[in-house]
Amino acid sequence: MHHGFRFVCAGKAYLGPEGLAVPIRIGVRTPYRLDLTANVLRRLSTNVVDYFDGVTYRRLIGDAKAPALLSIVQTGPAELTADIETAGAAYDARVLVERMFGIDVDLEPFYRAAAGIAWLAPLVAGARGVKPPRYPTVWEACVNAIVYQQISIHAAGAILRRTIERFVTPVPIGNASLYAFPGPQLLIDADAEELRAQGLSIHKVTSLRAVARAILEGAIDESALTLLPTSDLMTSLAAHQGIGPWSAAVIALRGFGRLDLFPMNDSGVARSVKDLSGRTGVDVEELLGRLGAQRGMLYYHLLLGRLAARGDVELAAIPAVS
């Protein structure tokens with residue numbers, strides 16, 4: 001572990017014998033699989049912010065200059081064990097885990113709807129236990145949405161990784177080096193040409209800085225936006241430079257946990273539907289209508305389908321239907 005950290009839960013330090021951190025146990029709604037949820041949160045194995053070694057999820061939280069280390073392990077079908085080690089600001093491990101890993105979300109409506117769709121049912125059954133993750137901040141959701149606009153998931157992931165590695169100092173954690181996610185002020189202060197050198201277009205640099213200022217000035221206020229119905233949330237997000245309908249949907253889904261929407265007009269989605277269904281011309285609008293109020297879970301299952309096809313995740317084996 002990184003020296004200087006101390007465990008904090010609910011704003012208080014909890015140290016066990018000989019100063020060791022004392023983890024807390026957090027109950028989760030079953031079915032639950034941390035491995036799948038962590039992988040859809042991080043998207044790609046090259047992600048240098050969200051680290052998962054197959055057993056333990058780790059990431060640095062908060063200010064890149066004084067981050068806290070969040071660690072999570074699934075210790076039972078209905079239980080996670082988590083701790084936070086920090087030398088700075090205090091965080092509530094339970095609140096973070098609940099937000100980021102969807103531990104209380106009931107997906108039975110989605111499971112029932114997906115069971116009636118022949119090509120989707122095996123994927124959903126194999127991925128049973130994945131929950132909808134959320135980024136720890138809306139700022140992080142906005143950055144990811146903007147960087148991933150109109151390019152492939154691998155190209156966007158590489159650009160974001162280069163940007164983080166260029167502007168954030170890594171912290172050695174065991175056998176890995178973790179990076180805290182850069183805050184809005186860091187991207188405002190960064191040299192524009194250096195940002196472009198990492199692969200960001202001038203349009204994306206301008207958009208990221210505009211959103212960063214909106215976050216810092218309170219024009220994008222998570223607590224206020226959380227109170228809005230989804231349609232108004234989308235409208236409010238899309239009012240900001242660099243956030244169109246697709247980006248607003250991604251931010252609402254991955255930043256606010258709004259499962260009642262799905263990012264449309266996405267070429268990757270179209271390819272995934274074609275590849276996983278084995279057919280062309282799938283009516284996505286009709287498909288989303290059948291999935292109902294938790295249609296956003298299709299986004300995560302399509303991602304898992306792609307990850308499983310590459311061997312990056314292992315889904316449960318489902319007996320073939322005779």
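**Salt bridges, a helix face and the nonpolar core**

Arginine 166 has a relative accessible area of 39%, so this residue is partly exposed. In this predicted model, arginine 166 pairs with glutamate 194 in a salt bridge whose closest N and O atoms are 2.3 Å apart. Arginine 166 belongs to helix α6 and glutamate 194 to helix α8 (residues 192-197), so the bridge ties together parts that are 28 residues apart in sequence. Glutamate 194 counts as partly exposed too, because its relative accessibility is 28%.

Helix α6 (residues 153-167) also holds both partners of another pair, arginine 161 and glutamate 165, which lie 4 residues apart, about one turn of the helix. An α-helix has 3.6 residues a turn, so residues three or four places apart point the same way. The closest N and O atoms of arginine 161 and glutamate 165 are 2.9 Å apart, and the two residues form a salt bridge. Arginine 161 is partly exposed at 32%, and glutamate 165 is partly exposed at 33%.

The structure holds 10 salt bridges. One of them joins glutamate 222 to arginine 99, with closest N and O atoms 2.6 Å apart. This pair links distant parts of the chain, since glutamate 222 is in helix α10 and arginine 99 in helix α2 (residues 93-101), 123 residues apart. Arginine 99 is buried at 17% relative accessibility, whereas glutamate 222, at 24%, is partly exposed. Elsewhere, Asp50, Arg59 and Glu140 are linked in a network of salt bridges.

Helix α11 comes next. Its buried residues are Thr230, Leu233 and Leu237. They cover an arc of only 55 degrees around the axis, and therefore sit on the same side of α11. These buried residues pack against α10 (222-226) and α12, while the face turned away from them carries the exposed residues Ser231 and Thr235. The loop between α11 (230-238) and α12 (245-256) is the place of histidine 240. Histidine 240 counts as buried because its relative accessibility is 19%, and the cut-off for buried is under 20%. Beyond its neighbours up to four places away in sequence, histidine 240 touches Ala214, Ala219 and Ile220. Its C-alpha atom is separated by 8.6 Å from that of serine 207, 33 residues apart along the chain.

The largest nonpolar core has 99 residues, and those touching the most other members are Tyr57, Ile72, Phe101, Leu120, Val147, Ile251 and Leu291. Another core, of 6 residues, lies apart from it and includes Leu60, Leu69, Ile173 and Ala180. Isoleucine 72 has contacts beyond four places in sequence with residues including Leu34, Val55, Tyr57, Leu80, Val97 and Phe101.

Conventions. Residues numbered from 1 in each chain as written. Predicted model: local features only at pLDDT ≥ 70, side-chain atom pairs only at ≥ 80, totals over all residues. Heavy atoms only, no water. Core = buried A, V, L, I, M, F, W, Y, C linked by side-chain atoms within 4.5 Å. Buried < 20%, exposed > 50% of the residue type's maximum accessible area, 1.4 Å probe, protein only. Contact = heavy atoms within 4.5 Å. Helix = DSSP H or I, 4+ residues; strand = E, 2+ residues; numbered from the N terminus. Arc of directions from axis to C-beta. Salt bridge = Lys/Arg side-chain N within 4 Å of Asp/Glu carboxyl O.
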